[in-house]
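Subject: Structure for your review

Dear colleague,

Please find below the structure for your use, with the sequence alongside. My findings follow it.

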2 protein chains.
Amino acid sequence: MSGPPALLSFHRYRQPRSGGRAKHRGEVMTQHLRAELDDVELEQLDAWWRANNYLTIGQIYLQANPLLRRPLEAGDIKPRLLGHWGTSPGLSFIYAHLSRLIKQTGQRAIYLAGPGHGGPALVAAGYLEGTYSEIYPAVSQDEAGLLRLFRQFSAPGGIPSHVSVTTPGSIHEGGELGYVLVHAFGSVMDNPELLTVAVVGDGEAETGPLEGSWKGISFINPARDGAVLPILHLNGAKIAGPTVLGRKDPAEVRSLLEGHGYDVLEVEGGDLPGMHHRFAAVLAEAYDKIGAIQAAARGGDWDGTRPRWPLIVLRSPKGWTGPEEVDGIQVTGTWRSHQVPLSAVKDNPEHLRLLEEWLRSYRPEELFDANGAPTRVIRDLAPAGDLRMSASPHANGGLLTQDLAIPDFRKYAVDVPEPGTERAESTRRLGELMRDIYRDNPDRFRLFCPDETNSNRLGAVFEVSDRAFMEPVTDADVAIGRDGRVMEVLSEHNCHGWLEGYNLTGRHGMFATYEAFAMVSASQTVQHGKWLQESRRLPWRAPVPSLNVLLTSTAWRNDHNGFSHQGPGLIQVVLTQRGDVARVYLPPDANCLLSVADHCLRSRNYINLIVIDKQPQLQWLSMDAAVEHCTRGAGIWEWAGTDDGTMDPDIVLACAGDVVTMETVAAAQILRERLPKFRVRVVNVVDLMTLPRRKDHPHGMSETQFTELFTDRVDVVFAFHGYPGAVHQLVHGRPDADRFRVRGFIEEGTTTTPFDMTVRNRVSRYHLVMDAINNAKRLPPGATELKAWCERKLAEHETYVVEHLEDMPEVRDWSLAS
Amino acid sequence: MSGPPALLSFHRYRQPRSGGRAKHRGEVMTQHLRAELDDVELEQLDAWWRANNYLTIGQIYLQANPLLRRPLEAGDIKPRLLGHWGTSPGLSFIYAHLSRLIKQTGQRAIYLAGPGHGGPALVAAGYLEGTYSEIYPAVSQDEAGLLRLFRQFSAPGGIPSHVSVTTPGSIHEGGELGYVLVHAFGSVMDNPELLTVAVVGDGEAETGPLEGSWKGISFINPARDGAVLPILHLNGAKIAGPTVLGRKDPAEVRSLLEGHGYDVLEVEGGDLPGMHHRFAAVLAEAYDKIGAIQAAARGGDWDGTRPRWPLIVLRSPKGWTGPEEVDGIQVTGTWRSHQVPLSAVKDNPEHLRLLEEWLRSYRPEELFDANGAPTRVIRDLAPAGDLRMSASPHANGGLLTQDLAIPDFRKYAVDVPEPGTERAESTRRLGELMRDIYRDNPDRFRLFCPDETNSNRLGAVFEVSDRAFMEPVTDADVAIGRDGRVMEVLSEHNCHGWLEGYNLTGRHGMFATYEAFAMVSASQTVQHGKWLQESRRLPWRAPVPSLNVLLTSTAWRNDHNGFSHQGPGLIQVVLTQRGDVARVYLPPDANCLLSVADHCLRSRNYINLIVIDKQPQLQWLSMDAAVEHCTRGAGIWEWAGTDDGTMDPDIVLACAGDVVTMETVAAAQILRERLPKFRVRVVNVVDLMTLPRRKDHPHGMSETQFTELFTDRVDVVFAFHGYPGAVHQLVHGRPDADRFRVRGFIEEGTTTTPFDMTVRNRVSRYHLVMDAINNAKRLPPGATELKAWCERKLAEHETYVVEHLEDMPEVRDWSLAS
């Protein structure tokens with residue numbers, strides 16, 4: 001049973017080996033699930049569920065005696081009792097019934113466990129389906145494998161307590177609550193064959209991101225997209241108390257979900273086998289409704305209104321089938337069953353006895369054969385091959401990933417005969433590239449944007465795709481409707497999470513958002529980064545398209561909106577992620593942006609953060625020069641400085657970020673014109689991750705390259721787009737890192753004009769000139785006078801902007817054009 | 001009309017000078033609002049609203065000719081047209097009616113504008129009420145003041161385009177959408193006299209945090225708390241397209257809000273004066289319902305079930321009263337009116353003509369007198385004194401702030417006769433302190449915690465207060481009910497936002513949460529920090545209690561939960577805030593925690609981040625030593641090292657954070673015992689902000705102090721709780737900063753045991769010993785052997801934990817006890 005090596009094993013799934021009748025892309029679903037269970041099915045469901053519960057408890061408690069072949073002893077119990085029982089039986093109950101559904105219908109489905117702390121139940125499911133042993137041969141389907149399964153759980157070198165990257169069939173960790181529906185909706189976009197079942201716990205249902213995600217159906221097209229079946233699992237309690245939805249009047253819960261647009265089906269109880277019969281019937285009803293919706297939409301029999309998709313509310317006891325009472329106190333059905341219902345089992349003989357009784361209540365001798373493998377009746381519940389939810393390639397999206405067809409990005413270039421002479425809206429060129437990517441990839445690329453596609457100058461995409469919207473549209477609406485594939489919703493959480501779901505099922509995209517408000521979904525960025533980091537360690541997890549985040553409307557042009565709209569904090573957040581995942585790009589102009597975007601859209605398994613403003617801005621590099629510059633990640637702009645390369649310059653002016661690059665070039669021009677003997681080197685950094693040492697990040701420059709750019713002793717005046725601390729942290733360990741004088745965004749909050757913004761943040765050309773003079777080792781005559789001139793310019797500016805409400809023309813219209 | 005100086009002016013509000021019959025705390029509300037408008041009232045409302053709309057447009061467009069005393073010319077138009085018209089007329093319409101309500105009833109009310117980009121309307125309201133000129137005398141109620149009002153908007157040195165800190169009457173900026181209801185609910189907790197009206201825009205209503213906040217009523221007690229009246233303002237569009245709630249079937253919107261538990265009242269239309277009459281009637285109905293709910297609850301006539309609080313759905317045209325069409329395209333009622341409906345007015349004579357027509361449609365000559373002051377009919381709409389919403393002390397909560405009664409924290413001390421010999425759960429002592437703070441401050445202190453109060457060992461508070469919950473409770477529930485004042489909801493957004501609302505209205509609290517999931521509300525931390533930074537610049541804004549954030553369940557003890565539960569990222573986020581606001585504390589034990597907490601709870605206007613784990617941990621300092629240590633913020637622990645202070649040590653072992661402090665002390669012990677001639681200095685840092693230079697943070701140590709601790713040349717092995725980059729960034733500019741070798745949290749994600757966690761992250765005692773040897777300038781004999789010994793210990797550990805599933809006893813039970 002040990003199976004082939006992991007990687008090979010999973011690669012088999014590229015070829016469907018379905019036992020049921022697998023559906024093809026976009027095929028109308030016509031098969032039904034029988035609403036009634038026959039005796040064989042009931043026996044199968046019951047046995048599978050008992051086995052799953054047994055394995056769940058085994059993972060939490062046992063380090064020996066996995067099949068209870070002898071009486072349970074204190075030594076069989078793990079020294080640390082970890083894990084969560086409460087939600088697990090509900091999760092596996094649903095899983096069993098879905099397996100029956102798949103086997104009967106051939107439906108392709110994946111399972112997302114919102115309460116991801118029910119990890120042992122999902123691990124047990126993959127194990128019972130055989131997938132686990134195929135991927136991890138050491139966790140074999142025999143007694144030795146069972147023991148390993150139990151011992152690895154929440155243990156050193158083992159697996160975490162949550163449904164995790166290591167769990168086959170998962171694209172959702174479920175540790176940070178709130179994202180199960182956004183991941184689910186993202187997974188079914190452009191996946192007409194897929195049914196994603198998303199279990200929402202009533203704890204998770206209290207979070208903002210989850211409450212904001214029910215409305216996903218207002219953006220799902222039944223003809224082109226697959227279906228999400230949400231199952232709101234109300235067991236009434238979270239870790240230490242009741243939940244709002246668990247305690248609310250059920251009529252209110254129904255009203256709430258109907259208000260979101262769902263057709264609400266309810267099942268309630270803890271009685272057996274009654275619950276099996278009732279849940280089977282409700283699941284069949286839900287599946288029929290989905291089938292009818294899709295058949296109508298795909299068959300042309302659809303009036304275009306948003307369907308009322310089914311949703312199941314399942315009310316079952318927390319800790320279902322666990323010990324009713326412990327020490328005379330009710331446990332099952334209360335928050336007390338949330339984690340480990342029987343504590344201190346090693347030292348408490350009564351608890352040990354209760355645990356044994358509990359384990360034996362599932363009759364393990366009926367569930368596992370003499371070798372310890374699941375019996376035939378259990379194995380038979382599982383669908384075949386990659387129809388098993390734990391083996392679905394949709395949950396290992398790299399297996400299904402097809403390269404994007406990307407037109408040659410050079411076609412969209414801005415013509416730049418001379419640096420710094422023409423202005424253009426850089427993101428507009430990216431919009432044109434994305435328009436053609438949309439055109440050429442009708443099933444594998446989407447743009448996600450909180451209501452800002454046009455504002456971000458990416459509107460060219462609307463030439464080939466509307467925005468998706470399933471609510472009524474009017475004649476006054478532009479580029480919006482049910483056939484749209486550009487995703488706009490005023491929720492960073494939805495946009496970000498949809499893209500994650502889309503990425504993890506193997507498709508490509510970009511999340512374009514306001515720089516300051518990218519912090520709203522910062523925790524999603526972090527959690528996705530962690531997922532990617534872990535997945536890189538698992539050879540069976542095929543690489544998925546990178547999560548591309550484009551930040552526009554940056555701090556430097558949010559002069560008028562004020563402090564809430566100014567914040568480059570996401571750079572700082574991405575820097576906390578590991579080097580094998582985190583990428584930060586600050587293209588200074590359109591051609592660099594195109595080159596960077598092309599690279600990011602082709603990449604896998606990264607978080608690519610791209611920061612550039614949307615306003616008209618000076619263009620610096622021809623396309624050829626841009627490609628070379630971006631390939632190196634950082635370089636000397638000789639045309640901007642007075643440094644002939646034959647000796648150390650007097651100062652290095654470095655910059656990363658569009659607006660501060662302009663100020664740096666302008667500062668260099670002032671120095672060139674007014675202190676011609678002063679040797680100034682201008683270095684521009686596109687790829688921020690070239691700054692750290694290579695041992696700290698794979699993009700890090702070699703020390704030789706670093707010294708070629710920055711020398712090993714000349715002071716560096718560094719104008720940075722983000723918070724200055726980021727650069728200090730990145731150059732740590734570089735030769736004499738303390739010589740880096742960083743100017744960047746500081747929390748000033750003032751309302752200003754664009755150039756005034758750089759003045760208030762003290763990154764204006766005049767500040768940089770003064771910095772250069774103050775930090776240079778050698779000063780030519782005239783330096784003191786130039787500093788005084790800069791001070792005068794700043795005073796002149798101050799008076800002017802307050803009087804005229806705009807920047808002085810010499811600054812506003814500044815360029816390198818002679 | 002220029003009024004007294006700003007500070008004096010506002011301090012008057014400490015003494016109520018109400019014109020209507022102001023209510024007293026907790027008094028049962030009995031007055032009613034008349035549902036019908038008489039002619040005088042209608043004239044007043046209409047005039048006030050016209051004036052507000054006129055001033056709103058003036059702020060967006062005009063830099064001269066504020067009263068249109070002559071025909072409008074291109075030169076009167078601002079060079080940059082900024083601001084948002086679309087939502088503004090709706091916001092001011094509501095404001096006018098609320099002013100009437102206050103004047104009739106004497107109700108204390110504040111107004112929170114969810115669509116904060118309707119800033120000009122709220123600024124205009126404060127101006128018409130006279131408050132603006134009282135605070136900012138230069139913006140006087142005459143033509144010169146009007147001109148200043150117009151020119152300052154979104155201009156250099158002026159005010160931002162949003163309802164901001166500078167806007168009198170605001171505790172909500174509204175730039176980052178999603179928080180209007182959480183702020184509102186926080187504001188009314190323990191404020192029985194207060195009515196907070198929260199306008200929710202239909203754009204904002206799409207965000208997760210907002211959708212997650214409707215359920216605030218499940219936690220509001222009508223007897224003790226005030227009331228929130230949400231007004232869902234559906235004008236159908238956001239910046240570039242329709243909204244989900246704006247387009248949904250109104251029956252679904254009603255169902256959704258009824259599902260949240262509200263009594264939904266609807267008003268729809270754009271007809272005038274019809275809308276005035278209908279809105280007045282609905283507002284009267286809502287106010288009556290609130291009055292009835294509160295009267296019943298406060299009069300004892302309440303069955304204890306959650307009231308169905310009223311909520312108003314207002315459907316009015318976007319850009320109401322603005323230009324219907326521009327260039328033949330419909331503008332009013334569409335997304336096109338979102339920002340500046342008439343563009344390029346300077347250069348387009350037709351647009352200029354339309355603008356003049358639009359401005360004159362409000363008949364400014366009827367609204368302002370010969371001096372430019374609002375006429376009597378307009379001034380008369382405003383309530384008197386601090387009943388004006390723009391002058392409410394509740395929206396300048398520092399004016400109402402009373403000190404907390406805090407028992408002597410030394411009473412809760414852990415007895416520590418010798419360092420590192422006893423273990424205790426540090427947060428449990430804090431819980432006992434908070435219990436007594438609850439007891440002694442029944443109206444001004446609350447703890448906010450996402451379902452983790454007990455788990456965080458803060459459960460002592462339940463001895464004096466239950467958790468608040470207005471949904472049904474059962475016999476199995478513990479410490480929960482309608483009389484509770486501990487706030488638990490599984491939503492960081494709600495907890496954080498409620499506390500902000502509570503703080504900004506002058507009360508004290510603490511938000512205790514999981515360290516990793518603090519990133520969920522990181523953007524709220526950032527935005528609140530920005531608010532506090534800006535408010536410090538305004539003398540009329542009285543300081544408010546600090547936002548205290550306690551992070552427990554830290555990365556270092558989330559070995560078993562896996563990667564999603566490990567993340568010290570919030571430290572990095574707080575470091576981006578300005579030094580006058582940001583505070584980060586890493587108390588290493590219970591007594592330090594008590595000292596730090598006492599300081600934080602007494603402070604004002606800060607964000608205090610406190611990080612400490614909840615598990616049993618070794619205790620280091622007696623209370624006296626802890627107080628001294630925390631007062632200094634960092635110090636040498638002489639008892640831990642072998643440094644006699646007479647000369648430079650061979651190495652400095654520094655640490656910040658509880659778990660890494662234990663490892664550091666253990667490493668020093670190994671060195672002490674095995675290399676007795678090696679001079680080791682141990683430095684512990686409690687206040688992270690002592691590390692930067694004083695010019696970078698007011699807590700920064702002087703260079704002398706810094707050198708006394710860290711020398712100016714000896715290498716420092718720094719064991720840090722968070723990501724290493726934070727320390728590099730903090731010590732930038734310190735003498736030879738590159739000598740700091742920082743070990744901290746790295747993204748490893750492995751499932752481990754507690755000590756194994758420090759091994760995987762390479763911050764274990766063995767790693768620190770090897771680091772000390774590798775970086776010391778002088779090594780005694782035996783160093784090489786000691787390194788080899790460390791390697792052996794690590795290998796031994798590796799084998800042991802995989803076999804035994806727990807740490808080796810010598811590490812698990814390690815202490816300094818002999």
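In this predicted model, 108 residues of chain B are in contact with 108 residues of chain A. On chain B, the elements that give two or more residues to the side touching chain A are α8 (208-211), α9 (244-247), α10 (250-259), α17 (522-535), α18 (569-575), α23 (724-730) and α26 (783-804). The largest share of that side comes from α17(B), with 7 residues. By residue class, the side of chain B that touches chain A divides into 34 nonpolar, 48 polar and 26 charged residues. Because 100% of the interface residues of chain B are also interface residues in chain A, the copies meet through the same surface.

Turning to the domains, chain A is divided into domain 1 (38-395), domain 2 (409-617) and domain 3 (634-812). The centres of domain 1 and domain 2 of chain A, taken over C-alpha atoms, are separated by 34 Å. Their contact takes 27 residues from domain 1 of chain A and 32 residues from domain 2 of chain A. On the domain 1 side of this contact in chain A, helix α7 (residues 180-188) gives the most, with 6 residues. The residues of that side divide into 12 nonpolar, 11 polar and 4 charged.

The largest nonpolar core has 517 residues, of which Leu653(A) and Leu653(B) touch the most other members. Which residues is Leu653(A) in contact with, leaving aside its neighbours within four places in sequence? They are Thr664(A), Ala667(A), Ala668(A), Val680(A), Arg681(A), Val682(A), Val717(A), Leu768(A) and Ala772(A).

One strand of chain B may also be of interest. In strand β1 (residues 108-113) of chain B, 6 of its 6 residues are buried. In a regular strand, side chains alternate between the two faces of the sheet. In β1(B), Arg108(B), Ile110(B) and Leu112(B) point one way, while Ala109(B), Tyr111(B) and Ala113(B) point the other way, and all are buried. Strand β1(B) is joined by 6 bridges to strand β2 (residues 194-201) of chain B, and the two run parallel. Among these pairings, Arg108(B) has Leu194(B) as its bridge partner in β2(B).

Kind regards

Notes
Residues numbered from 1 in each chain as written. Chains lettered and ligands numbered in written order. Predicted model: local features only at pLDDT ≥ 70, side-chain atom pairs only at ≥ 80, totals over all residues. Contact = placed C-beta atoms within 7 Å. Helix = DSSP H or I, 4+ residues; strand = E, 2+ residues; numbered from the N terminus. Nonpolar A, V, L, I, M, F, W, Y, C, P; charged D, E, K, R; others polar. Domains from an automatic or database assignment. Core = buried A, V, L, I, M, F, W, Y, C linked by C-beta atoms within 7 Å. Buried ≥ 20, exposed ≤ 12 C-beta atoms within 10 Å, placed from the backbone. Pairing = 2+ DSSP bridges.
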